[in-house]
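Thanks for coming. I have one structure to go through today, so please look at the screen.

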Amino acid sequence: MSPILEVTGINKTFGAVTAAKDINVSVANDEIIGIIGANGAGKTTFVNMVTGWLEPTTGSIKFDGRDITGMAPRRITRLGISRSFQVAQVFSTATVFDNLMIALGIAETTSILSALRPLRRAGLEQRADLLLKRYRIDDYRDAVASTLPQGVRKLLDIAMAMVSEPRILLLDEPTSGISVEEKFDLMDIVMSALKEEGVTVLFVEHDMEIVERYVDRVLAFYQGEIICDAPPSEALIDPKVIEFVIGDEPQGQMMREKAALHTGSGETSDA
Amino acid sequence: MDMIKDKTIVGLTIGFAAVAILGVFVMPDWLLSQTVIAFARALAVLGLLVLWRTGLVSFGHALYFGLGAYTVAMLGRYFGISEVLITLPAATLVAGGIGFVLGFVIRRYREIFFAMLNLAFSMVLFGILVKTESLGSTDGFSVEQPTLFGIGTDTASNKLVVMYVGICVVGWLAAVLVHRYLQSVLGSLSTAVRDNEIRVEYLGYSVAEAIHGKYVMSAALTGLGGGFMAIALGQVDPESMVNWTVSGELVFVTILSGPGSVAAPFIGSLIFELLRTYATEILPQGWQLIVGGTLLLIIFFLPGGVWSIISKAMGRKEAEP
Ligand SMILES: Nc1ncnc2c1ncn2[C@@H]1O[C@H](COP(=O)(O)OP(=O)(O)OP(=O)(O)O)[C@@H](O)[C@H]1O
Ligand SMILES: [Mg+2]
């Protein structure tokens, strides 16, 4: 089957900083991909380029066979790629329910005339309620978004990204700012909801246990380059990944030990 | 139908009908004329309310107020057209049209830059009018007696009553339409754009277009208000129609009224008009002191404007779409 997303030779420089260097990725339908890399490795830059926030300096991005390089985010969203954010982007003065209603209303709008229809319609309200349940935030239905706990805000951000019923969803650090105990609960909710919706997922993550648990494939970034593209069972014991990615993460020590068992080398002193 | 179920529309209809009937049968002429002036300004404030809900404040809407006023006046002077069913829609269209053109520049700016860019444009118009001798420079010129369905009014008192009923009808219609708009998806984009432009773009809507549309709407409403003002005063001049103090007044009344309801501009505007009249009587040289003091009190104690008192009295929360 032809890939749903095809990134070919993209580069991005900010002055002297190279944030993306000859990145080539081909994503198949329904894949769940984890994007890992130390701070500043270029993960968010990659997400920003695929979703149109940044235009690559060179290279091309194809979605479902169609060139979307340099297209505006709103057009890419309409085509079927959506995203969440490292810092949740919600409508802070509106309630959780209204956040979803406004998002649904906008996503459904295709012309000025359809935009003039009342926002409060039975159809939209039902969909908003469904999303509240699916992302387990119905307890916070009438809470104003600025008052939400971090985990709920993250879930709302993801639910809002899903209102357009995208075919690809990019999540930028869905578990950042969440306590270790809550991370798995949050990811369980997210991943089962996304399975239900049938969407291809790429998510940026610093926690290797999460990566190991949820993904089919890992893209490891280092200084703007993909240094490893493999299933987690291989990627997480790859020496380069261990040195340049995992070494910097909190669970680095544990992962190095695991890797040592796999490779039998026992060398854990580097990085 | 859903129009009848909408409490705000029912309230607006009863309210405006009551005000119209009271005016025709009970109110003295001086109060009628103050209400006409207040409601003309309220139409402009309604336009600013749409922007304010989007998190935008314009310090230059006298530009559109003046465009509306001068459109009405010039149609009479140069084309002999004094039919209000032509002049007032023309005022609305001219202001909306200029708003549409300038909107391409203005929609790129936010906050103080948005406010000041509007001010700059309004000062350009002010400058042009002051320099144009054929339009009476700083003195301006007088507006032809208006007609409705081709019929003029014989006495000043009759003219006042017709204008009064007219502004009640137009005010009601504008309030209902803006209310419906605020309840629509486009209306909800106000909250959305104010809170988070990035999210709006990532939901598939152009923030620039959303702001542009709202800007045109506010310009058109302000032009309509200016057109009414020209008819009510019977005279246009740069100082009272286009000067930056006029823009300031509009912002003042917007804050005084509060963003909570489309009825607020009408109530706030009437309070402002009466406040200014009484302040001038009490302190002829320093009425600004009283009016300014009132604004301070509003900002400190009633950030939701006078509407928040009313909505509290009715036991409702602020009605945000
Ligand atoms: N808009 C920008 N202007 C200038 N430099 C930028 C910009 N965006 C990113 N960079 C730089 O590009 C590099 C990659 O940044 P990016 O945000 O993609 O990293 P990241 O992998 O997401 O890191 P983190 O884990 O901290 O989120 C960094 O050196 C960063 O400083
Ligand atoms: Mg990042």
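I will start with the overall chain, then turn to the metal and the other ligand.

This is a predicted model, in which local features need pLDDT of at least 70 and side-chain atom pairs count only at pLDDT 80 or more, while totals for chains, interfaces and linings use all residues. Residues are numbered from 1 along each chain as its sequence is written, chains are lettered from A and ligands numbered from 1 in the order in which they are written, and side-chain values use heavy atoms, with hydrogens and water left out.

Chain A has 11 helices and 10 strands; these are DSSP runs, numbered from the N terminus, with H or I of at least four residues for helices and E of at least two for strands. Its radius of gyration is 19 Å, close to the 18 Å from the globule rule for 271 residues, so chain A is as compact as a globular protein of that length. That radius is taken over C-alpha atoms, and the rule is 2.2 Å times the number of residues to the power 0.38. The C-alpha trace spans about 65 × 40 × 40 Å along its principal axes. Of the 271 residues, 53% count as buried, meaning under 20% relative accessible area, with exposed over 50% and partly exposed in between (1.4 Å probe, protein chains only).

Now the metal. Which protein atoms are donors of the magnesium ion, ligand 2? They are OG1 of A:Thr44 and OE1 of A:Gln86, 1.9 to 2.4 Å from the ion. Donors here are N, O and S atoms within 2.8 Å of the metal (3.2 Å for Na, K and Ca), and water is not among the atoms, so sites may look incomplete. A:Thr44 sits in helix H1 (residues 43-50) and A:Gln86 in the loop between strand S6 (81-83) and helix H3 (96-108), 42 residues apart. A:Thr44 is partly exposed at 26%, and A:Gln86 is partly exposed at 33%.

Next, ligand 1. It is surrounded by 14 residues, counted when a heavy atom lies within 4 Å. The closest are A:Gly40, A:Lys43, A:Thr44, A:Thr45 and A:Gln86. H1 of chain A gives the largest share of this shell, three residues.

For polar contacts (pairs of N or O atoms within 3.5 Å), a polar side-chain atom of A:Asn39 lies 2.9 Å from an oxygen atom of ligand 1. The side chain of A:Gln86 has an N or O atom 2.9 Å from a ligand 1 oxygen atom, and for A:Glu173 the distance is 3.4 Å.

How values were computed. Polar contact = N/O pair within 3.5 Å; in protein donor to acceptor, adjacent residues only side chain to side chain.
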